[in-house]
Amino acid sequence: MARLVLGDDHTVFVDALTTVLPQRGIEVVGTADTIEGTLEMVRGNRPDVCLLDRFFADGDVLDSLDEVVKVGGPRMRLVLLTADRETAAIRRAMRTGAAGYVNKMCGLTALVEAVRKVSAGEPVTRLPALAVERNADGVAFGDEVLFEELTPRERECLRLLVSGAHTKTMARDLGVSDATVRTHVQGLLTKMGVHSRLEAVSLAVRHSLVDET
């Protein structure tokens, strides 16, 4: 069972997680509602994972990530859990030492999966569905980040979809069955937050997610 320290100043959210996470095999060994309090909890409990909100009354966690990582030691994995969707913030967090970045809108299942993956040494980034996440100019937030979440086969399928290939053509080119292609395509649709192949192609072309040459 992964041992976890939770730093978040939203009381209802913290109460819910401390109730639900142990049911999913994650032990919450400490909670805090400030950055300083989280540092103390990490120092005193030596958790496997520190799940940390980004903004507190005493500051932006991004400015203190290096200190949290240092206090936690090389074994601890740090995951930011936030409503923030800035891709620049994600990159900064990962460069500073965070092993994961999970948006609160992604739900409990995605959160539990992220904690389990970082506990196993895998980096994780989870953002909400891209189809509805646009700024005033119609540009999506985080498209490139989620493209990195696709498996190599899913990326190949996306490139073939962009080129206009149908299931049988994709199966022939990849050397797999039609059913396997459909599985890969469904996987990429889910991760990209779209509901059809056409939407996936439109998103990929609009934001140059694949090389069409």
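This is a predicted model: local features need pLDDT of at least 70, side-chain atom pairs count only at pLDDT 80 or more; totals for chains, interfaces and linings use all residues.
## Overview

A residue is called buried here when its relative accessible area is under 20%, exposed when over 50%, and partly exposed in between, using a 1.4 Å probe and protein chains only. Residues are numbered from 1 along each chain as its sequence is written, and side-chain values use heavy atoms, with hydrogens and water left out.

The protein has 10 helices and eight strands; these are DSSP runs numbered from the N terminus, with helices (H or I) of at least four residues and strands (E) of at least two. A contact means heavy atoms within 4.5 Å. Take the contacts with a separation of 6 or more, and 59% of them are between residues 24 or more positions apart.

## The parallel strands

Start with strand E1 (residues 2–7). Five of its six residues are buried, so the strand is largely enclosed by the rest of the structure. Strands are said to pair if DSSP finds at least two bridges between them. E1 pairs in the parallel sense with strand E2 (residues 26–32) over six bridges, and Gly 7 stands opposite Ala 32 in E2. E1 also pairs with strand E3 (residues 49–52), again in the parallel sense, over four bridges; there, Leu 6 has Leu 51 as its bridge partner.

On we go to strand E6 (residues 77–82), which runs parallel to E3 and is joined to it by four bridges. Val 49 has Arg 77 in E6 as its bridge partner. E6 pairs in the parallel sense with strand E7 (residues 100–103) as well, over four bridges, with Leu 80 opposite Tyr 101 in E7. Five of the six residues of E6 are buried, so this strand too is largely enclosed by the rest of the structure.

Asp 53 carries the UniProt annotation "modified residue: 4-aspartylphosphate", from an unreviewed entry. UniProt positions are given in the numbering used here, feature names are shortened, and annotations may be inferred rather than shown by experiment.

In the model, Asp 53 is found in the loop between E3 and strand E4 (55–56). With a relative accessible area of 4%, Asp 53 is buried. Not counting residues up to four places away in sequence, Asp 53 touches Gly 7, Asp 8, Asp 9, His 10, Val 61, Leu 80, Leu 81, Thr 82 and Lys 104.

Two residues are worth a look in the loop between helix H2 (35–45) and E3. One is Asp 48, buried at 18% relative accessibility. Its polar contacts are pairs of N or O atoms within 3.5 Å; within protein, one must be able to donate a hydrogen and the other to accept it, and residues adjacent in sequence count only if both atoms are side-chain atoms. The side chain of Asp 48 reaches the backbone nitrogen of Arg 3 at 2.7 Å, and a polar contact of 2.2 Å joins the side chains of Asp 48 and Arg 75. Leaving aside neighbours within four places in sequence, Asp 48 is in contact with residues including Met 1, Ala 2, Met 76 and Arg 77.

The other is Arg 46, partly exposed with a relative accessible area of 43%. Arg 46 has a positive phi of about 45° although it is not a glycine. Most residues other than glycine have a negative phi.

## Two nonpolar cores

A nonpolar core is a set of buried Ala, Val, Leu, Ile, Met, Phe, Trp, Tyr and Cys residues joined through side-chain atoms within 4.5 Å. The largest has 22 residues, and those with the most contacts inside it are Leu 158, Met 170, Val 185, Leu 188, Met 192 and Ala 200. Helices H7 (152–162), H8 (167–174), H9 (178–192) and H10 (197–206) each supply at least two residues of this core. Apart from it lies another core, of 21 residues, among them Ile 35, Phe 56, Val 61 and Leu 65.

Thr 167, found in helix H8, is buried with a relative accessible area of 15%. Beyond four places in sequence, Thr 167 touches Asp 178, Val 181, Arg 182 and Arg 197.
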